[in-house]
Amino acid sequence: MLTDPVSVAVDIVHRADPLLDEGLVEKIVMGVAGRRAKRRRLAQALLDRPSVLTDGRSPAPRVVGDLLIALRAAGAVGTSPPVCATCGKHLRTQQRRDQDWYCGTCGPRREQCASCGNDRPVSSRDRDGRPRCVRCETHDDPLPVLLAVVATLDPNVNAGTIATALDAVSKRAGQRRRVAWIVQDQPELLTGAAADAPASSVLRLIDHLCQAGVNGVVQPPCPVCLRVVPLHRRIDGRWLCRSCVGKTRMIPCGRCGVRRQPCTRDSDGQPLCSSCVSREPANLEECTGCERRRPVAARTPDGPFCDTCRPWPVLTCASCGQTRPCKISQTTGQPYCKTCTSRWARCTNCSQVRPQRGGTKDAPLCAPCTRPEPGYWRTCPTCGQAGRRHTNRCARCTLHQRLDLLLSDEHGHIRPELQPLRDALRATERPGTLATWLSNDTRATLLQDLSTGKPVTHDVLDELPAGKTVDYLRAVLVAVGTLPERDEHMVRLERWIKRSLSSRDAPEDQQQTLRRYATWHVTRRLRRRTEGHHITFNQFVTAREHVRAAMLILDWLTARDLTLATCRQNHIDDWHADDTTTRHREAGQFLRWAKNQKLTTVEAPTSRWAGPTQALDSEARWEQARRLLHDQTVSTEDRVAGLLVLFYAQWTSAISRLTLDHIAITDGQVALHLGAQPILLPEPLAGLMLDLVRDRRSHPVTGQATSRWLFPGELPGRPISGRQLGERLRRHGLRPRQARSTALFQLATDLPAAVLARMLGIHISSAAAWQRASAGDWTSYAADIGRRTTKR
């Protein structure tokens with residue numbers, strides 16, 4: 001019944017009337033029960049009482065009565081039509097009261113008529129809501145009453161417009177009179193207060209008057225979310241939109257525990273949300289495309305399809321020109337692929353960053369520029385933004401309201417320290433991106449917690465559960481100036497050291513030694529080398545590995561009842577010879593520090609760098625450089641970063657931290673400051689650098705159009721990490737470490753170490769080491785100069 005309710009219903013009907021064709025019965029069942037839940041309800045009702053097919057008696061769900069009527073219309077003789085629950089009359093149409101069917105005589109409820117006093121079916125109600133029978137029904141014309149009220153708002157309105165709107169609201173005279181009386185008593189309902197209307201017919205009247213262009217009549221906003229959308233149901237005396245009605249019915253899901261509107265209930269009566277229902281094994285069907293059991297997203301004559309395999313016609317996209325699954329745009333009538341329908345770009349006509357609705361990928365057009373004729377596009381009722389297909393509020397106004405609700409306190413006030421955050425988020429170019437980010441309950445809760453009165457500091461954020469959401473929110477607060485900037489990798493390293501030492505079960509003297517080494521040697525040396533700059537991810541990993549190596553060798557000594565003071569050189573030699581030990585090089589740093597601190601007498605072996613270990617291919621280097629210089633398909637960021645590696649032997653971590661201050665443009669020439677002396681960039685690299693400075697974009701959430709970083713990262717206000725930049729270069733076949741070694745080897749051959757260090761920003765000892773490795777030792781050149789005699 002759960003997996004194939006249609007077959008269950010067809011079998012029961014066929015047993016009741018064997019003369020019916022099974023194919024015809026299946027078509028009828030699918031016609032009266034179009035949705036899966038309705039089919040299951042029909043199958044369950046027939047399973048519980050199959051005799052309803054022959055006697056036609058209620059109580060039974062409405063879908064059973066529809067099935068009986070459809071079967072009789074198709075010529076069935078073995079099944080009965082629905083039968084009136086009171087007089088037993090066969091019914092051709094249904095009038096229901098709860099789960100029972102009634103005829104037109106028995107169905108209407110009887111009340112005492114306010115005029116004649118007889119108990120008769122209610123035909124209408126008077127102005128005071130009292131019942132009237134058909135003989136005593138009032139015949140007042142509602143048109144003059146309603147016309148007089150609307151004319152106060154729009155003197156040019158005519159009676160024909162009002163009559164058409166009344167006919168569209170209801171065909172029953174009593175219903176139309178009631179609408180006119182309500183509007184006459186409460187004329188403010190027509191000017192935006194219809195959320196308090198006592199009947200839904202008033203809402204329908206306002207919709208038809210607005211569509212007819214009557215001036216002064218205002219569609220009511222939802223009193224909760226303030227959106228101008230169709231109002232769905234009356235809750236506590238006010239009409240709310242469908243979304244807000246769903247929020248009033250939110251309860252914890254019996255399976256996932258998330259507060260959502262229940263979609264159905266399981267066999268135990270527990271509520272289930274729509275997500276859990278869609279993942280229910282009984283609700284999955286085999287996709288025609290991928291042949292996997294997945295939720296059905298579309299039904300076609302070929303069978304059901306999941307969301308991934310949903311069939312789109314394969315056409316040539318009018319924007320990007322590629323042959324892909326496309327849909328036809330309502331604006332241009334041309335096919336657009338999925339990527340182009342969601343693309344935001346700067347319009348070539350008005351220079352505004354908006355969703356692309358026309359043009360091509362190289363020359364995009366926004367909505368107003370695609371169809372400039374007046375009257376085609378609608379405007380947002382709140383801000384007046386043009387270029388909309390619907391009359392509801394635009395995404396930016398909805399986002400503004402959402403932010404005000406999240407960041408304001410119980411009195412509706414926003415704290416001064418949160419104003420920069422609110423202004424920056426409101427100024428985002430793509431409000432849909434931020435709205436999607438705020439749709440996560442955890443992220444919205446974090447923003448709401450900031451408005452509770454706690455000071456907005458790094459320590460407050462540190463108390464929250466660590467994760468990407470907190471890191472992202474911290475980056476946004478730093479980018480907008482609410483929080484001061486701090487070295488996150490250094491803070492992360494200090495936390496890791498503290499957590500690792502506290503979780504170790506070791507003697508106190510050993511813990512004290514580790515604390516001294518990690519705090520006063522590893523982190524102190526790291527701060528001294530960075531000279532006030534933030535450390536990189538690679539530096540964080542290296543420092544962590546050094547501390548881990550110290551822990552490993554101390555644990556190895558403890559396992560053999562040794563300490564730093566009692567161990568001898570043969571013990572260290574055994575440790576190096578042990579195949580199960582690791583991090584020998586990093587542990588050597590700890591042993592040398594321990595000896596300098598008079599904690600041990602052992603010697604740790606050291607190795608001198610003897611040059612690059614990977615093969616260097618100069619021809620491959622120049623081939624990659626030519627491709628990056630002239631390949632237009634590669635992004636400008638990747639081209640510039642790759643050329644800085646190939647030409648100037650830069651680490652990806654150093655490239656990622658370049659800012660506008662490192663670029664100098666004078667007299668049309670572009671200079672790059674990598675070291676103490678600037679480097680004049682040749683063409684076409686200089687042109688690529690100018691394009692990068694002009695076209696770089698910061699993260700869209702913060703609303704900042706540009707960034708001081710040449711390579712902005714995913715987090716607002718921060719650069720891309722060296723690791724991520726290296727991954728991007730590796731996708732283009734460039735190995736940054738090997739390419740840098742090749743470039744530095746060649747540069748060390750041609751330039752003195754001092755010049756190399758000043759221009760590339762590397763240490764003089766590193767430059768000299770590379771010069772020795774390339775056999776280009778310039779000390780002999782300096783000695784030769786010194787031996788020359790000066791001619792006079």
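Residues are numbered from 1 along each chain as its sequence is written, and side-chain values use heavy atoms, with hydrogens and water left out. Because the model is predicted, local features need pLDDT of at least 70 and side-chain atom pairs count only at pLDDT 80 or more, while totals for chains, interfaces and linings use all residues.

**Stop 1**

Select residues 314–316, which are strand 17, and residues 323–328, which are strand 18. Helices (H or I, at least four residues) and strands (E, at least two) are DSSP runs, numbered from the N terminus. Strands 17 and 18 run antiparallel and are joined by three bridges; two strands pair if DSSP finds at least two bridges between them. Look for Thr316, which stands opposite Thr323 in strand 18. Six residues lie between the strands of this hairpin, and Gly321 takes a positive phi near 80°.

Lys327 stands opposite Tyr336 in strand 19. This hairpin also has six residues between its strands, and Gly333 in the turn has a positive phi of about 75°.

**Stop 2: Thr331**

Select Thr331, in the loop between strand 18 and strand 19. Is Thr331 buried or exposed? Thr331 is buried, with a relative accessible area of 8%; buried means under 20% relative accessible area, exposed over 50% and partly exposed in between (1.4 Å probe, protein chains only). Leaving aside neighbours within four places in sequence, Thr331 is in contact (heavy atoms within 4.5 Å) with Thr370, Arg371, Tyr376 and Trp377.

**Stop 3: helix 7**

Select residues 159–169, where the buried residues are Ile162, Ala165, Leu166 and Val169. Seen down the axis of helix 7, these fall within an arc of 100°, so they line one face of the helix. The arc is that of the directions from the helix axis to the C-beta atoms. Show helix 6 (142–151), helix 8 (173–185) and helix 9 (200–211), which are among what covers the buried residues.

**Stop 4: helices 26 and 30**

Select residues 636–648 (helix 26) and residues 736–750 (helix 30), which pack at an angle of about 40° with their axes 6 Å apart. Axes are lines fitted to C-alpha atoms, for helices over the stretch in contact, and angles run from 0 to 180 degrees between N-to-C directions. Helix 26 and helix 30 are therefore oblique to each other; angles under 35 degrees count as roughly parallel, over 145 as roughly antiparallel, 65 to 115 as roughly perpendicular and the rest as oblique. Val645, Leu646, Phe647 and Tyr648 of helix 26 make the contact with Pro736, Ala739, Arg740, Ala743 and Leu747 of helix 30.
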